[in-house]
Amino acid sequence: EHRKQAAKMGASEVGMAITASTLTTIAVFFPMVFAQGITGKLTRGLALAVAFSLVASLFVALTIVPMMASFIFRLRKKNAEGKGKPKKSLFSRIRDFYERTLLKALQNRGKVLGGAVVLLAISLALVPFIGTEFMPSSDRDMLLIKVKMPIGTSLEETDRVVSLAEETILNEPEVQIVSAQVGSMAEEDPSDAASGFGASGVHEALLWVGLKEQEERSLSDLEILEKIRGKLPKYKGVKFESIDMSQMMTGGAQAPIEIKLFGKDLARLKETADNIVSRIKDVEGLRDVGHSLEQGKPEYQIQIDREKAARLGLMVAQVGNTVQTYSLGKVATKYREGDDEFDVKVRFEEKYRDDLDDIKNIPIMTPANTIIKLSQVARIAEGVGPIEITRENQGRVVTVSANIAGRDLGSVMTDIKENLAGLEKALPGGYFLEYGGQYKDMQEAFLIMIGVFALAILLVYMIMASQFESFLHPLVIMFTIPLGIIGVVIALLVAGKTVSLVSLIGFVILGGIAVNNGIVMVDYINQLKRKGTEIKESILKGCVVRLRPVLITALTTMLGMLPMALSTSAGSEMRAPMAISVIGGLFATTLLTLFVIPIMYSLFEKVSFKKT
């Protein structure tokens with residue numbers, strides 16, 4: 001045909017197919033716009049960018065590309081007569097091979113479909129070996145280590161231990177700089193202590209370890225951390241705990257593993273938390289196992305005899321305020337000097353408030369203007385109290401936390417749940433466990449992505465049904481989506497990646513891309529049928545003719561994502577799993593679509609290719 005006529009015919013022939021393909025891909029990204037939480041934050045920008053880009057590309061494909069083709073394309077020169085039969089091109093030989101193979105596949109539909117089902121079953125069985133986690137761990141140039149000394153340790157002793165740790169860390173060749181914060185800075189910045197990224201007293205310290213650039217070291221940050229762990233000084237009661245830096249990005253200070261124990265009695269909570277720690281501490285891959293009540297604060301515990309106090313006309317609050325004034329002090333007035341204002345605090349001298357007998361003799365004025373001693377209305381004893389009492393959803397909670405090294409989050413949590421199965425059943429009424437941390441984030445993210453995927457598949461089916469004006473043919477094409485699981489699982493397994501939020505985003509994207517090849521094939525088969533071509537020939541010819549566009553679109557998509565999959569630059573851990581999922585899934589669906597789609601089409605149309 002003349003180039004203008006060819007451009008017009010070509011555009012109209014594929015117009016419906018590429019429109020349907022573009023809309024199905026947009027349909028996959030559409031639900032991501034409305035995802036909540038961290039999942040929504042990660043996917044919303046991507047979804048909007050891709051959706052609007054696809055709308056623009058569809059406009060270009062239907063208008064500008066045919067227009068450019070009508071100007072640029074020329075008729076191919078015919079071979080001169082007598083020059084012999086022209087040599088077949090490489091693609092012509094590939095197409096001939098595909099046609100012969102497709103015919104054999106159509107004649108043995110049961111075997112081909114059975115093989116596809118077996119591959120799918122094997123890939124699903126391999127999923128537990130891949131492992132699961134919330135977000136892929138990124139190699140960072142900074143380590144954060146918290147030093148915990150026994151309660152009551154002086155600032156000088158804490159500083160001495162931290163100095164030894166600094167020397168040990170600085171001897172590592174991958175370490176560039178070490179910065180230490182010894183003691184509490186909560187008064188200057190209370191939010192720092194509350195977030196978990198600060199020391200809560202003079203017995204704690206924080207070590208910031210700056211590493212060399214990723215390109216300048218052979219070990220990852222986690223490998224360096226494990227190396228440092230083995231060399232840090234070992235002292236009784238001293239703990240070195242790493243803080244997960246990835247939580248800074250998601251806005252929390254939670255550890256990868258968090259087991260929350262809810263109940264009323266603090267003593268029972270501490271006892272149960274100790275039991276949980278002893279049960280899970282030997283789980284492979286766990287580090288820094290502990291709970292929020294394991295360290296107690298030495299204190300004098302004053303228990304007021306309410307009956308005696310009432311007989312003397314005293315309220316519990318009055319006794320408490322008096323004790324607070326004599327021990328901690330109370331602001332009595334303010335002193336002003338120019339524009340400056342200072343609190344004037346009144347309290348006993350140190351020599352009168354640091355001894356137990358002195359506390360017992362604290363004078364209390366009764367409403368009858370008589371003075372009694374504190375010991376007359378209260379029992380005073382030495383004890384150990386919690387550093388903090390945490391409440392969540394109006395209930396007391398103790399958190400057992402731990403870090404992970406060398407294993408994925410999902411497999412570690414499976415082992416932990418097995419070890420705690422008996423304990424959960426034995427908990428008394430009013431006490432229960434809840435799994436939080438990154439595991440909870442992972443569960444929530446996975447549920448959101450399952451919902452997004454289900455809605456995306458429904459939208460994809462609706463779009464194809466409206467385009468094909470049939471409920472049957474879209475079902476044929478939908479068979480490509482489960483086939484993508486085969487490629488995704490194998491690709492993640494080979495690349496050593498886990499199933500995470502990022503790889504699931506890649507799988508959802510694949511759901512919109514994978515159907516494109518099927519749309520291109522089925523649309524052309526239907527066109528040939530409408531022209532009166534016999535059904536068997538329509539299936540064979542439709543698939544063979546559309547082999548080139550199917551391979552081109554699949555290869556361009558895979559090659560476009562290849563740099564992202566192979567990248568080793570900073571932050572590549574957060575991008576690579578998505579690209580690997582798409583490449584692996586698209587490779588599998590392209591190969592299997594070339595045979596499974598025509599077989600399913602022939603089954604739905606009740607056409608037999610068996611030799612008579």
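The model is predicted, so local features need pLDDT of at least 70 and side-chain atom pairs count only at pLDDT 80 or more, while totals for chains, interfaces and linings use all residues. Residues are numbered from 1 along each chain as its sequence is written, and side-chain values use heavy atoms, with hydrogens and water left out.

**The largest pocket**

- The largest pocket has a volume of about 1700 Å³. A pocket is an open set of points on a 1 Å grid over the protein atoms alone, where a 1.4 Å probe fits, with protein on both sides within 12 Å along at least five of seven lines. Its volume is the space filled by probe spheres set on the points, which are joined across faces, edges and corners.
- There are 46 lining residues, and Val14, Ile18, Val65, Pro549 and Ile552 are the closest to the centre. To count as lining, a residue needs an atom within 4 Å of a point.
- Helices H1 (3–29), H2 (37–72), H17 (501–530), H19 (547–566) and H20 (576–604) each give two or more residues to this lining. Helices (H or I, at least four residues) and strands (E, at least two) are DSSP runs, numbered from the N terminus.
- H1 gives the most, with 12 residues.
- Sorted by class, the lining has 27 nonpolar, 11 polar and 8 charged residues. Here Ala, Val, Leu, Ile, Met, Phe, Trp, Tyr, Cys and Pro are nonpolar, Asp, Glu, Lys and Arg are charged, and the others, Gly among them, are polar.

**A nonpolar patch on the surface**

- Phe59, Val60, Ile64, Val65, Met67, Met68, Phe71, Ile72 and Phe73 make up a nonpolar surface patch, with about 870 Å² of accessible area together. Such a patch takes residues with over 30% relative accessible area and no salt bridge, and joins nonpolar side chains (Val, Leu, Ile, Met, Phe, Trp, Tyr) within 5 Å. The areas come from the Shrake-Rupley method with a 1.4 Å probe, and for residues only the protein chains shown count as cover.
- Phenylalanine 59 sits in helix H2, and at 53% relative accessibility it counts as exposed. The cut-offs are under 20% relative accessible area for buried, over 50% for exposed, and partly exposed in between (1.4 Å probe, protein chains only).

**Salt bridges**

- Side chains of opposite charge can pair when their charged atoms come close. The count is 18 salt bridges, each being a side-chain nitrogen of Lys or Arg within 4 Å of a carboxyl oxygen of Asp or Glu.
- Arginine 546 pairs with glutamate 13 at 3.6 Å, N to O. This pair links parts of the chain 533 residues apart: arginine 546 is in the loop between helix H18 (535–545) and H19, and glutamate 13 is in helix H1. Arginine 546 is buried at 4%, while glutamate 13 is partly exposed at 30%.
- Arginine 229 and aspartate 288 meet at 2.8 Å, N to O. Arginine 229 is in helix H7 and aspartate 288 in strand S6, so the bridge ties together parts 59 residues apart in sequence. Both residues are buried.
- Shared partners join Glu172, Glu174, Lys227 and Lys231 into one salt-bridge network.

- Most residues other than glycine have a negative phi.
- Aspartate 288 has a positive phi near 55°.
- Glutamate 469 also has a positive phi, near 55°. Glutamate 469 lies in the loop between helix H14 (437–468) and helix H15 (473–478), and is exposed at 72% relative accessibility.

Key
Patch = residues over 30% accessible without salt bridge, like charges linked within 9 Å, V, L, I, M, F, W, Y side chains within 5 Å.
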